[in-house]
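Subject: Structure handover and notes

Hello,

Please find the structure below, followed by notes on what was found in it. Read them with the model open.

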Amino acid sequence: MTQVNRLNGGLIDRSTSLNFRFDGKTYSGFQGDTLASALLANGVRLMGRSFKYHRPRGVLTAGSEEPNALVELRSGGRQEPNTRATVAELYDGLDASSQNRWPSLERDFMAINDRFSNFLTAGFYYKTFMWPKAFWEKLYEPIIRKAAGLGSLTGEDDPDLYDKGFLHCDLLIIGSGPAGLAAALTAGRAGAQVILAEEDFELGGRLIAESCTLAENSGADWVMQTQAELAGMSNVRLMPRTTVFGAYDHGIYGAVERNTDHLAEPAPGKPRQTLWRIYSKRALIATGAIERPIAFENNDRPGIMLAGAVRAYVNRWATTPAQSVVVFANNDDTHQTARDLMAQGVKVPAIIDTRPDAPDVEGTEVLKGAEIINTSGRLGLSAVRVRVAKGYTRDLFCEALAMSGGWNPNLGLTCHQRGRPVWNADIHAFVPGEGLPVGQIVAGAAKGELTTDAALRGGAAAAVSALADLGITATPADLPAAQDAPVSLSPFWHVKDAKRAWLDFQNDVTVKDVKLAHQENFTSVEHLKRYTTLGMATDQGKTSNVGALAVMAELTGKSIPETGTTIFRPPYTPVAMGALAGRATGKDFHPTRLTPSHKWAEDQGAVFVEVGNWMRAQWFPRKGETHWRQSVDREVLQTRNSVGVCDVTTLGKIDVQGADAADFLNFVYANGFAKLPVGKVRYGLMLREDGVAYDDGTAARFAEDHFVVTTTTANAVLVYRNMEFVRQCLCPNMDVQLISTTEAWAQYAVAGPNSRKLLQKIVDPEFDISNEAFPFMACGEVTVCGGLRARLFRISFSGELAYEIAVPTRYGDAMMRALMEAGEEFDVVPYGTEALGVMRIEKGHATGNEINGTTTALNLGLGRMVSDKKDCIGNVLSRREGMNAPDVLALVGLKPVDAKDTLLAGGHLMNKTGPVDVANDQGYVTSAAYSPTLQSSIALGFVKGGFDRNGEQLRLVNPLEDKEILVEIVSAHFVDPEGERLRA
Amino acid sequence: MHNLKAITPLRGVTPRLDHIGTISITEVVDQALASVAARKGQSAVMQQALADHIGLHLPEPGHAVIAAPFGAIWMGPDQWMITAPHDSHELLASEVKEIAGRSASVVEQTDGWCRFDVAGVGLCDLFERLSNAPVRTMAPGSAIRTTMEHLGVFLWRLADDHMAILAPRSAAGSLHHGLVAAARSIA
């Protein structure tokens, strides 16, 4: 198809022709077109179907406020629904489809809804789908959900990359129309750090949409000159294709830069969009104004557009929506539309002006004091019916109508922190009021300065005053003379007695719906919005809110400001979820921490498990092993029979130094540390302030004023943070210094009866690590492998004779290899977290399963550790009566009466006979494992009064699966209850 | 001399070097680190000792200094990170402790961190995609603690076109991935 509606001139590049497709048909446009301008140029007015009634719709606007022309762009994983054709930049190969229609845009079966519009009024589903009640969830809701909504997603993964970034500036200018550009020139010349963000791909705002002149130049020429000057300033960052979508605290603004949406697809490694967080000292809202439609009968046909949009298509895109265009307005400003169209040879049969005293326009007839009372045309406008001042009607044939009810300042960003606009009676519109976000100022049409001249000078003055706040002296840029005619407008919101006159085009809300809301007493603005869904679509009612308020004001007999105000929330326009996620998706969702032996473990074919951000080896399968239990059982038995090695670097390590280090630890641990001798390690338990246990570990004393504390892997950060809190806030007078050394040392547990023999081959011979010289709970600094500094601890989690050896992390990989080589003669085995877990259950050592945020030291069988001879975090509240009742939960061991039974964690325990219910609950199982040592399933759990119930039988119940297993209470120390092995 | 072979934070035998567009990203492994924290009321004594013995004048908050072969970054109130070449100062913590004596708590931090040096004209374009630090106004000699890729890091502006990043060693791979992705994004 040829571009039948293409005109002369414009800011498009006619040397670059672009082919694109809409609903399968191929068209051509030019570089600089939007999808909407290119479709109009090709004579396509029908672009979508409305949300509720599936009415044929065309483009209403030429900007981001567009409610009608929503399309699906691209296909596959890149398919994006609800994209406004007015802001979709044309590129060669662009593929767009209409949405919310079946089977085609021209013939949409769901248009039947329009016939039933009397039933589908505001709130219809609240009234209609009330009975029978059960039908709501199963029948009505699914049908409504299917019928509702606009575009669709393919469900495929988005293949694109999205960046996130941070920018800082003195002055953020949002919008590059006359006010924004004048401000940028002023601030840029003053040397301030300036960011100029423009949602369009061209700077200039209305200056490139109008046929206006600035001094001797066209608006577009002045924009080009100004842009060139700004581009040459290193302190000014021009950001076209960047939508500032939200105003947040402390001058922070959210913005999306569309890096490659104007290309078929991004180059490899390049982001599609970048989400910027802009830290501004001052922000200037220069977002212009949005034109408002007039409500009249059938005012939603394709071809009916806002007048300012028609001028933008004519002047910027050299496109007319049709060859015959009628104008409908209540103001002088709009008459320019007729002049611009006629200058290009487009027929303008008449201007219909609601004002009886409207001025004349050369070249066309002005019907003064007239109104449009209906329109016709099935898939596009073919005629309008006009009631002239004298009362009779006239039909005018036209394929497009340019309408204007005036302009509303585009003040969305001023409302994001609950700022309420105020009514300005001079321009009959809301303007920004008090309570703007900190550091925010407004200029130009966004402030109600509706002439080009006022906008230019307002922008420059705003920049001067904003910079003065920051101590930067600026003088207003010299600006060209521009149009400064006063606003001449007589408020006109809707044509009376219309049956169906649209206010909110996107959500299909008519004047009648507002009347119905009023009739049913939903007169508050907030109720009106929710009852009718006005302003609740993706356009946030940019073109509809004020019109609906005006209608409601008329109905209630109040003024518009008395009726209420309109308010907006972020985002200003829709933001892709991908942009909000940035790069943090999939495996990059969080950072991954690798242990020092990771590379070696990978070589061994280890199976890894995520523990927080850490990747830990779970077990090390060997050839012939087909089930994880085989690997884990082998690792346990080999460790208990000879020796095993496990990477325990992930445990938190906190270096504590200072003259008061011992007193400090005495305060943060429940048990005493003041008297711990140098060269010794002690197990310690930490309580929360409420007396509940929250972490356990060890503290090793290397010197009078030097300890190394270990924490559990999961709580490493929490413990460090809490200790810093105690240091800074609770004990500020203590001489103590803390720093994490978790990552600085690679630490390995070497456990099993042969662990000493193995380590004697590693630790340099001048260090005696015999049982006598280095007994259980000893620690010290040693050297290994011929002189490398290391730390050795004789501690045991497995219950075996065991050590932990730490070397600087860079040598961790080599250390693991050295241990394996030295241990070959003992058949050394590496073991993972599963074997570690089995062995600690066999030994009855608590972990996070038992120290689970609900249990106390007493519950854990460690009640005597909470010293009453000193003050410590949590000890006072741990003495509460309820936490010390005679039948408190106590940690016990459990084994099945029938050795073939398998115990699982999570089940609750009931008495051997009696009811199974909450009232009779006896406790629960926290940890369970198959013990290869005992060749039986075993478990740890909490049982009421459990310390005195050894030998008693209970039922481990699973009511969901109707299963019960008979278990016996035993000591939690299944292996070596006397601790002979670890002291050997 | 021990016989254990070191590996780099990215688990290589030699440090990794990437050139992407104008940006180079270098894994730096030849720097030893030691934290010094003044004992209660001893900050002036400690600072004097370091100035007297090794000519190192500890910097103000937000800054770093170099007094070759040593360097120092401000870390927190009365707390600094000292750097020196690893080969000649592997036992840096012991050296510093020797100098500071009872006026400071000194802790070996060498392998707690990985370091990447990023150089190139597009430095600020890269870092503004990774960190909320005001990189464009960070003068050479400034050093701040911030976050990148969800990690707590130090950014140390060594020169206009040269930035050092210190980050937790275990997450070196994730940080490196972030740096490379950002470098490709701006290349």
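Domain bounds, as used here, come from an automatic or database domain assignment. On that basis chain B is divided into domain 1 (17-29 + 112-186) and domain 2 (32-111).

Some conventions first. This is a predicted model, in which local features need pLDDT of at least 70 and side-chain atom pairs count only at pLDDT 80 or more, while totals for chains, interfaces and linings use all residues. Residues are numbered from 1 along each chain as its sequence is written, and chains are lettered from A and ligands numbered from 1 in the order in which they are written.

Confidence

pLDDT is the predictor's confidence in each residue, from 0 to 100. Chain B has a mean pLDDT of 97, and 100% of its residues reach 70 or more. For the complex, the predictor gives an ipTM of 0.98 and a pTM of 0.94.

Domains of chain B

The centres of domain 1 and domain 2 of chain B, taken over C-alpha atoms, are separated by 23 Å. Domain 1 of chain B gives nine residues to the contact between them, and domain 2 of chain B gives eight; two residues are in contact if their C-beta atoms, placed from the backbone, lie within 7 Å. On the domain 1 side, strand 9 (143-148) and strand 10 (151-159) of chain B each supply at least two residues. Helices (H or I, at least four residues) and strands (E, at least two) are DSSP runs, numbered from the N terminus. That side of domain 1 divides into five nonpolar, three polar and one charged residue. Here Ala, Val, Leu, Ile, Met, Phe, Trp, Tyr, Cys and Pro count as nonpolar, Asp, Glu, Lys and Arg as charged, and the others, Gly among them, as polar.

Contact between the chains

Chain B brings 37 residues to the contact with chain A, and chain A brings 40. On the chain B side, the elements that give two or more residues are strand 3 (31-38), strand 7 (104-108) and helix 4 (172-186). Helix 4 of chain B has the largest share of that side, five residues. By class, the chain B side holds 11 nonpolar, 14 polar and 12 charged residues.

B:Cys114

B:Cys114 lies in strand 8 (residues 113-119) of chain B. Is B:Cys114 buried or exposed? B:Cys114 is buried, because 26 other C-beta atoms lie within 10 Å. The cut-offs are 20 or more other C-beta atoms within 10 Å for buried, 12 or fewer for exposed, and partly exposed in between, with C-beta atoms placed from the backbone. Leaving aside neighbours within four places in sequence, B:Cys114 is in contact with B:Pro9, B:Ala167, B:Arg169 and B:Ala172. The C-alpha atoms of B:Cys114 and B:Leu10 are 8.7 Å apart, although 104 residues separate the two along the chain.

Helix 5 of chain A

Helix 5 (residues 178-189) of chain A has 12 residues and reaches 17 Å from its first C-alpha to its last, close to the expected 16 Å; the expected span is 1.5 Å times one less than the number of residues. After the helix comes A:Gly191, with a positive phi near 90 degrees.

Strands of chain A

Two strands pair if DSSP finds at least two bridges between them. Strand 18 (residues 325-329) of chain A has five of its five residues buried. A:Val325, A:Val327 and A:Ala329 point one way, and A:Val326 and A:Phe328 the other. Strand 18 of chain A runs parallel to strand 24 (residues 400-404), joined by five bridges, with A:Val325 opposite A:Ala400. Strand 18 of chain A also pairs in the parallel sense with strand 19 (residues 350-353) over three bridges, where A:Phe328 stands opposite A:Ile352.

Strand 22 (residues 383-387) and strand 23 (residues 393-397) of chain A run antiparallel over five bridges. They form a hairpin with five residues between them, and A:Gly391 in the turn has a positive phi of about 110 degrees.

Finally, six strands of chain A form an open sheet of mixed pairing in the order 41-42-43-40-34-44. Strand 41 (779-784) and strand 44 (829-830) each have a single partner strand, so one side of each is left without a neighbour in the sheet.

Regards
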